[in-house]
Amino acid sequence: MFQSIQRILNSHPFHDIIECLAAALEAKDLYTSGHSSRVGDMSYDLGRAMGLKGSELETVHIAAHLHDIGKMGISEVILNKRGRLLPHEFALIQTHPEIGYRILAKSKGLQKIAEIVLHHHERWDGRGYPEGLKEDKIPLGSRIIAVADSADAITSIRPYRKALSWEECWEEILINKGIQFDPVAVEAAEKLWKRWKVRWQDFQKYSKEVKLEVLK
């Protein structure tokens with residue numbers, strides 16, 4: 001995770017805070033570490049494809065890496081539960097954007113990042129959470145992360161379901177264009193899809209090699 005954000009940490013005035021938060025998240029949940037890193041990289045690609053540059057792009061990139069930081073406030077029993085969550089457990093999971101916002105908003109310099117994190121589970125049709133924002137009322141960075149977050153989640157194994165292929169994942173994203181996701185973000189993602197698939201395959205290969213080394 002740290003290697004992928006090293007190029008922006010050095011130039012960001014709050015890099016020490018960000019690095020500490022990232023380390024805390026990794027210590028809480030190793031799965032979240034890998035997920036957050038991949039979502040960060042995809043969000044950076046997507047933001048750039050949608051015309052973001054400079055500090056605006058860096059802000060989205062950092063927010064994507066820290067989008068699940070609020071899960072630090074959720075019980076590990078729930079986070080690591082095998083099988084589907086019960087309604088009250090899912091309700092607790094849904095509080096993580098607000099927890100993340102409260103953590104990040106402690107620093108005045110992280111307000112923009114905090115806002116993006118707060119709204120990364122909003123939906124284009126207004127049926128998301130925590131505030132039910134709709135369409136362009138949702139911060140652009142949050143709309144970008146929503147696509148990247150879903151893509152990585154769908155193509156990753158979960159205790160209660162198998163991972164879908166990138167082709168199946170694209171069908172799900174496309175079905176939800178203009179419903180769950182910003183249509184412009186989906187159109188930009190289409191041009192990046194093959195690159196993301198190759199990157200995922202490289203990540204899987206690397207993970208297997210690391211596991212083999214550990215077992216030796």
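What follows is a walk through the fold of one protein chain, from its overall make-up down to a few single residues.

The structure is a predicted model, so local features are reported only where pLDDT is at least 70 and side-chain atom pairs only at pLDDT 80 or more, while totals for chains, interfaces and linings use all residues. Residues are numbered from 1 along each chain as its sequence is written, and side-chain values use heavy atoms, with hydrogens and water left out.

The chain has 11 helices and 0 strands. Both kinds of element are DSSP runs numbered from the N terminus: helices are H or I runs of at least four residues, and strands are E runs of at least two. Of the 216 residues, 47% are buried. Here buried means under 20% relative accessible area, exposed means over 50%, and partly exposed is in between, with a 1.4 Å probe and protein chains only. The chain exposes about 11,600 Å², and carbon and sulfur atoms supply 54% of that area; the areas come from the Shrake-Rupley method with a 1.4 Å probe, and for residues only the protein chains shown count as cover. As for contacts (heavy atoms within 4.5 Å), take those in the chain with a separation of 6 or more: 62% of them link residues 24 or more positions apart.

Now for the inside. In soluble globular proteins, nonpolar side chains tend to be buried together. A nonpolar core is a set of buried Ala, Val, Leu, Ile, Met, Phe, Trp, Tyr and Cys residues joined through side-chain atoms within 4.5 Å. The largest one has 41 residues, and L46, L104, W193 and W196 have the most contacts inside it. Elements giving two or more residues to this core include α2 (15-28), α3 (30-49) and α4 (54-65). Helix α11 gives the most, with 8 residues. Apart from this core lies another, of 5 residues, with I74, I78, I93 and I99 among them.

In α7 (residues 96-104), H96, P97, I99, G100 and L104 are buried. Seen down the axis of α7, these buried residues fall within an arc of 160 degrees, so they line one face of the helix; the arc is that of the directions from the helix axis to the C-beta atoms. Helix α9 is mostly covered, with 14 of its 15 residues buried. From first C-alpha to last, α9 reaches 22 Å, close to the 21 Å expected at 1.5 Å a residue (that is, 1.5 Å times one less than the number of residues).

Helix α11 (residues 183-215) holds F203, which is partly exposed at 29% relative accessible area. F203 and G34 are 169 residues apart in sequence, yet their C-alpha atoms are 9.6 Å apart in space. P183 is also in α11, and P183 touches W124, K177 and G178, again not counting residues up to four places away in sequence.

D68, between α4 and α5 (76-79), is buried at 2% relative accessibility. The loop between α8 and α9 holds P130, and the peptide bond from Y129 to P130 is cis, with omega near 15 degrees. E135 sits in the loop between α8 and α9 too; its phi is near 50 degrees, a positive value in a residue other than glycine.
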